[in-house]
Amino acid sequence: MAENEATTAYQSNTQKQQLGRFKSTKFKENFAGYMFVAPMLIGTTVLIIIPIFIALAVSFTDWVFISGFQSADFVGLENFRNMVQDEPFIQSVVNNIWLILAVPLTMVLSLVLAVVINKNVYFKGFFKVIYFMPYISSIVAIAIVFQLLFHPSYGPINEFLMSIGIDNPPKWLADSDWALVSVIIITVWTSIGFNLIIYLAGLQNIPADLYEAAEMDGASAWVKFKNITVPMLSPTTFFLLITGIIYSFKSFELIVVLTEGGPGYSTSVIVYYLYEQAFENLKSGYASAIAITLLGMLLVITAIQWIGQKKWVNY
Amino acid sequence: MNRLRRLNTKKVIITIIMFAIGLLFLMPFIWMLSASLKAETNVFSYPIEWIPSDWKWDNYRRVWFGEQPFILYYWNSIKVTVLTTLLSVTVSALAAYGFSKIHFKGRNVLFLIVLATFLIPAQAILVPQFMMYRVLNLFDTHLGLILLNSFSVLGTFLLRQFFSSIQDDYIDAAKMDGASHFTIFYKVVVPMMVPAISTYAILRFIWTWNDYQGPLIFLRSDHLSTIQLAIERFSTSSGELYSLIMAGSVSAILPLIIIFIIGQKYVIEGIARGGVKG
């Protein structure tokens, strides 16, 4: 009992000392902290946060870039109302939703590849490197190569399809029904490496004794996959889903180089349409309204995912 | 023994299957390389001539020493990429140290604000950035392009993940000796974190080298063009000269492939650790 009191007294004493030291250095500590993060904060504020507010302000005007800002008038919500009736914009939104399909598709393929590579192959490092190659390559070069590979009349992909007896292969990027499918195929191809690496890292964290216990119960490979691997990876899956969906809305460079949104608007996405409105049609006000709408959509999607996370992620 | 051998056979078969799937990932690169060394008339010959019958090294000479100042574009890319990498690594490492090892008021709120900017697609703020760059005279300059990619949320986040793993004891011991945070940062933390910093440096190099959107929007003068912008223009203007376009593309991605192969351990580990994507 006495010993306990002594310990408590000692503890509170050291706590006081620590608190005193803490207070005297607190100013220094705060100052150092601000100094270290200042360059990042200033850069982020100037290059990202201030522009968001400018975009918000501009979105309520009819500003056209070449005419100077003085000539811009406040138009309230008109830009936002126009968006609803703007068919190419609606189509871009729909295309973006289709593009989200690439996310689960990539994830399933990557998960299967990760599980196989993790345990069952030689030269594991080699496989990581080759699956990862598309991820580190420039989108411009990839887009240019795929334009040729997908060439409707003499591209190697269609030559191959015709040689195995498919007489009328799709015209891929030249056909408005197939262009978006081609974009999804290329997107999956470039993203598998990233998803695979993240899944492989996730697999390392699953305790081996879970599998050993299941094996003693005579569980099959499929049962182990379904009842151990998939639930244990659910935080990884959640992470990949949420970042994948955000990235699918940022898909810009591939579209610009590969299709310029065409044929028609069949592969236009929100960010591409925004770019076209801003830098080709110079409708700065309208483009900013699209930007604000896009931000709103991303916020809502992220919020929904965070709420959903509690329901289906097992930690 | 018998069982061991059976397992190995299974593993060999799976390795072969996985290699076949892996070829799907390699094929576009091999096709690109092989087309870049062919005579124009053989580019689309079918069945695909994987190894050119007639090696046209001349394609590369025509790209590099042709009408376009390819060497200048290459130099521009090297300059912008190296400077961006240096600046971005410095800014991110300082911020990562501040956000992980210094207990200052408002730290968590500020970090959350920085993290939240990850949500924002770069295209959403292009118009205001473009206006600001015009006003600040940063439009159509390499400096503007460098600044644009130097304040990276992902870099700060990734390095913070690594820095958080340093025991506070190291920092506290150095503090007891009277060292300032800045001294601790560059004498203790940076030397300990060379692998982490290299990981981010390689990733930033790759992302900046590949950046197309930045130069597309913020550069206008041809003599400032980076390689990505140049090959895209080259491919639109050269029309049917596919072998030359492929030679240009190979030239644009080769430095990356080399850096990736040398640093692949860092890159893959970094990606796995931080879950970052360019």
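## Close-up views of a predicted two-chain model

**View 1. The contact between chain A and chain B.** In the interface shown here, 73 residues of chain A are in contact with 68 residues of chain B. The model is predicted, and its local features are drawn from residues with pLDDT of at least 70. On the side of chain A that touches chain B, the largest share comes from helix α1 (residues 2–58) of chain A, which supplies 19 residues. Sorted by class, this side of chain A holds 57 nonpolar, 11 polar and 5 charged residues.

**View 2. The largest nonpolar core and the surroundings of I290(A).** The largest nonpolar core has 150 residues, and those with the most contacts inside it are A143(A), V257(A), L274(A) and I290(A). Helix α13 (residues 242–274) of chain B gives the largest share of this core, 12 residues. When neighbours within four places in sequence are left aside, I290(A) is in contact with M83(A), F89(A), I270(A), Y273(A), L274(A) and Q277(A); of these partners, L274(A) is itself listed among the residues with the most contacts inside the core.

View 3. An unreviewed UniProt entry lists residues 31–58, 97–117, 129–150, 178–201, 230–249, 255–275 and 287–308 of chain A as "transmembrane region". Two of these spans are described here. In residues 97–117 of chain A, the span is 95% helix and 0% strand, with its end C-alpha atoms 31 Å apart. Residues 287–308 of chain A are 100% helix and 0% strand, and the end C-alpha atoms of this span also lie 31 Å apart.

**View 4. Two loop residues of chain A with positive phi.** W172(A), which is not a glycine, has a positive phi of about 45°, and is placed in the loop between α7 (156–163) and α8 (179–204) of chain A. With 21 other C-beta atoms within 10 Å, W172(A) is buried. E260(A) is likewise a residue other than glycine with a positive phi, in this case near 50°, and its place is in the loop between α12 (253–258) and α13 (270–280) of chain A. E260(A) has 13 other C-beta atoms within 10 Å and is partly exposed.

**View 5. The overall form of chain B.** Chain B contains 13 helices and 0 strands. Its radius of gyration is 24 Å, well over the 19 Å that the globule rule gives for 278 residues, so chain B is more spread out than a compact globule. Taken along the principal axes, the C-alpha atoms of chain B fill a box of roughly 75 × 70 × 30 Å. Of the 278 residues of chain B, 46% count as buried, and among its contacts between residues at least 6 apart in sequence, 76% join residues at least 24 apart.

**View 6. The two domains of chain B and an annotated span.** Chain B is divided into domain 1 (1–56) and domain 2 (57–274), whose C-alpha centres lie 32 Å apart. The contact between them takes 11 residues from domain 1 of chain B and 10 residues from domain 2 of chain B. By class, the side of domain 1 of chain B that touches domain 2 of chain B has 7 nonpolar, 1 polar and 3 charged residues. For residues 74–263 of chain B, an unreviewed UniProt entry gives "domain: ABC transmembrane type-1"; this span is 75% helix and 0% strand, and its end C-alpha atoms lie 21 Å apart.

How values were computed:
Residues are numbered from 1 along each chain as its sequence is written. Chains are lettered from A and ligands numbered from 1 in the order in which they are written. This is a predicted model: local features need pLDDT of at least 70, side-chain atom pairs count only at pLDDT 80 or more; totals for chains, interfaces and linings use all residues. Domain bounds come from an automatic or database domain assignment. Two residues are in contact if their C-beta atoms, placed from the backbone, lie within 7 Å. Ala, Val, Leu, Ile, Met, Phe, Trp, Tyr, Cys and Pro count as nonpolar, Asp, Glu, Lys and Arg as charged, and the others, Gly among them, as polar. UniProt positions are given in the numbering used here, feature names are shortened, and annotations may be inferred rather than shown by experiment. Helices (H or I, at least four residues) and strands (E, at least two) are DSSP runs, numbered from the N terminus. The radius of gyration is taken over C-alpha atoms; the globule rule is 2.2 Å times the number of residues to the power 0.38. A residue is buried if 20 or more other C-beta atoms lie within 10 Å of its own, exposed if 12 or fewer, and partly exposed in between; C-beta atoms are placed from the backbone. A nonpolar core is a set of buried Ala, Val, Leu, Ile, Met, Phe, Trp, Tyr and Cys residues joined through C-beta atoms within 7 Å.
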